[in-house]
Amino acid sequence: MFHVGSRSTVDLEEEITPEEDIVKSRLKEIPHNEKLLSLKYESLDYDNSENQLFLEEERRMSHMGFRCLEIRRWVICGLIGFLTGLIACLIDIAVEELAGYKYSAVKQNIEKFTEFGGLSISLILWAALNSAFVMVGAIAVAFFEPIAAGSGIPQIKCYLNGVKIPCVVRLKTLAIKVFGVICSVAGGLAVGKEGPMIHSGAVVAAGVSQGRSTSLKKDFKIFEYFRRDTEKRDFVSAGAAAGVSAAFGAPVGGVLFSLEEGASFWNQMLTWRIFFASMISTFTLNFFLSIYHGKPGELSSPGLINFGRFDSDKEKNFDYIPFESFLFFPYYFPGGMLGALFNVINYWLTIFRIRYIHRPCLQVMEAMLVAAVTATVAFAMIYFSNDCQPLGQDSTEEYPLQLFCADGEYNSMATAFFNTPERSVRSLFHNPPGSYNPLTLGVFTLVYFVLAVWTYGLTVSAGVFIPSLLIGAAWGRLFGILLSTITSSQSIWADPGKYALIGAAAQLGGIVRMTLSLTVIMVEATGNVTYGFPIMLVLMTAKIVGDYFIEGLYDIHIKLQSVPFLHWDAPPTSHWLTAREVMSSPVTCFNRVERVGRIVDVLSNTSTNHNGFPVVPGKICGLILRSQLIVLLKHKVFVERASSRLSQRRLQLKDFRDAYPRFPPIQSIHVSQDERECMMDLNEFMNPTPYTVPQVTLNRTLLPHPTETTPNNPYMTFTDEL
């Protein structure tokens, strides 16, 4: 029933011998079993080790010292918001410039060959530009930092749950993430840049809060007190919220996203610090974008999505009355069912990729294929579409494409495809009635649904937020058009744009299963609070319906990566299990004063690859971490050295913080044969107050805090077993 600690065959980062590499290179398929947990994931030490060093440091700190630490936390959150906003501005400007160049070149080419023939050259140009952008981004991800693939939200969710994902918050990951998402969006894939922004904000938070860069080997000698997992977790929560705020222009939504989807620890002061970081992020983004657009001081952009405001004073048809909740009823169930269908198809497609497309070169080729197919499908749909709309003076189309339409008209299908996904969403929300015919929206919904399912999971930096919103906005507007055909054009519910908004929320909620935070994000991004109630109803229904069939997309990908993720509640059928039924045996433990040779042997033994070890002179009296033992061995903290006064100074918490977070492996610690016979006193460094439970404790009370225990980190020890 439980395979805790079993090694998953999808773990591709293990060190293997040359002989094993030759054998594995001949395999075309990697078997995968999602019920196994991978040993490459370690737990984070979210519980402070309240040993003698920690208590002495706390006692030495005055009231003013604690006040200064709190001020530093606010300063760090401000820096996180500022830098996250700058990165969001960089991504937005780069995508706008690159996509503008691409669409302008393709548009001119199409207009040139429309009259004289030879549109196939335009198709080749479009597909070649898409493939080139995507190829560069895919190469960067596949060959230099694979963890930068996807949106990064599942990885950050695991990090905040207490699971250490290798390389997830490193500077290299941030650089590849930003570069990759620019290439993916500019390459015309059915992706968005909002998910990667959340990951980028988390990486920024993890780096800024430590006051140094281990990748660049640069230490600024600041914020040293925060060099531990407990403090870094809080800042990463703020970084994720700042990423949401920068992406959607939704500071409150960012806070709620971090609370609902990420953090498993929360308090009131943390809420205000996270909100402060989110506000700074939004302000920074809007300020620099206003300067870039030549309108300094006009902070009106609601974020990277730039939904635009549903201003009821200027757009009468966007008024909302309670009666319309009945008209929104058809949205309550399709969102959950279409979201479940999206997740099911993507699940099996990801299984296929794990088994057959696991080599970097194949991953790059698949990304280029999807980019070329996306361009080809879009071109074919534009070519065969006869949905021509008049091009008015107040038209907001960025790249209106005439093609075979009459003078003064543009191809409506091109508006949906010949744009970045964010602009397409905005056009579906705000274009006046009559801008699309039902056939155009129906075909676009079907095709873009397939492209989005195929695209998510490629080895590129990409998010699923915008594709989901675009799919939902398309079928939502289609319903609004059908509704307007049976009502008078002057009816308050005749404008299909509001139905595009509700459809977008339903589709996104059905895929990612977010409720409260997504409601606030949509309300803040659109600037109209009156739609909060119907959006919440739609999202709640979409979650209930979708969960009946399959989990949310992020939970699916967490499971596919074999991550030992602990949910808030244990599975219902496991509540009758007791502690002794899941306890591993025999227990690997140390004495208060232990021989150095045994410590080295235990740490070197792969079968006892634990992160924490009980200290038990007959009964449990403390817990010592692997990282602590590594530092003690590195500094030769032996009883014999202390007695002979060979040690120059007493070890301090600073020594452990300087080694954090990349503690050296045990193989790099040299211990001579004479030193193996020395003794090490663990009393001063062990945590004397670990979590303990009786052996008859039921599973429903065994895991009260998901952050405190994972399969390789037995923080909770069992008194009767020891």
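**Figure 1. The loop that holds Pro661, between helix H26 and helix H27 (673-676)**. In this predicted model, Pro661 is located in the loop between H26 and H27; helices (H or I, at least four residues) and strands (E, at least two) are DSSP runs, numbered from the N terminus. Tyr660 and Pro661 are joined by a cis peptide bond, with omega of about 0°. Most peptide bonds, by contrast, are trans. Residues are numbered from 1 along each chain as its sequence is written, and side-chain values use heavy atoms, without hydrogens and water. As the model is predicted, local features need pLDDT of at least 70 and side-chain atom pairs count only at pLDDT 80 or more, whereas totals for chains, interfaces and linings use all residues.

**Figure 2. Cys167 in the loop between strand S2 (163-164) and helix H6 (171-186)**. The phi angle of Cys167 is near 65°, a positive value in a residue other than glycine. Most residues other than glycine have a negative phi.

**Figure 3. Packing of helix H3 (residues 63-116) against helix H4 (residues 119-144)**. The two axes come within 8 Å and cross at roughly 165°; axes are lines fitted to C-alpha atoms, for helices over the stretch in contact, and angles run from 0 to 180 degrees between N-to-C directions. H3 is therefore roughly antiparallel to H4 (angles under 35 degrees count as roughly parallel, over 145 as roughly antiparallel, 65 to 115 as roughly perpendicular and the rest as oblique). The crossing of H3 with H4 is right-handed; a crossing is left-handed if the near helix is turned anticlockwise from the far one by less than a right angle, and right-handed if clockwise. Residues of H3 in the contact (heavy atoms within 4.5 Å) include Tyr103, Val106, Ile110 and Phe113, and those of H4 include Leu125, Trp126, Leu129 and Phe133. By class, this contact has 12 nonpolar, 4 polar and 1 charged residues; Ala, Val, Leu, Ile, Met, Phe, Trp, Tyr, Cys and Pro count as nonpolar, Asp, Glu, Lys and Arg as charged, and the others, Gly among them, as polar.

**Figure 4. Packing of helix H23 (residues 596-604) with H24**. The axes lie 11 Å apart at an angle of about 130°, and the helices are therefore oblique to each other. H23 passes H24 in a left-handed crossing. Val596, Ile599, Val600 and Leu603 of H23 meet Arg626, Leu629, Ile630 and Leu633 of H24. The contact comprises 7 nonpolar, no polar and 1 charged residues.

**Figure 5. The largest cavity, with about 360 Å³ of space**. The structure holds 5 cavities of 30 Å³ or more; on a 1 Å grid over the protein atoms alone, a cavity is a set of points where a 1.4 Å probe fits but cannot get out, and lining residues have an atom within 4 Å of a point. Grid points are joined across faces, edges and corners, and a volume is the space filled by probe spheres set on the points. Of the 18 lining residues, Ser49, Arg227, Arg228, Gln628 and Phe656 lie nearest the centre of the largest cavity. Helix H8 (229-248), helix H24 (626-634) and helix H26 (653-659) each supply at least two lining residues, and H26 gives the most, with 3 residues. The lining divides into 6 nonpolar, 6 polar and 6 charged residues.

**Figure 6. The second largest cavity, with about 140 Å³ of space**. Tyr103, Gly188, Thr374, Phe417 and Asn419 are the closest to its centre among the 16 lining residues. H3, H4, helix H13 (360-384) and helix H14 (412-417) each contribute at least two residues to the lining. This lining has 10 nonpolar, 5 polar and 1 charged residues.

Note on methods
1 Å grid on protein atoms, 1.4 Å probe; cavity = no way out; pocket = protein on both sides within 12 Å on 5 of 7 lines; lining within 4 Å.
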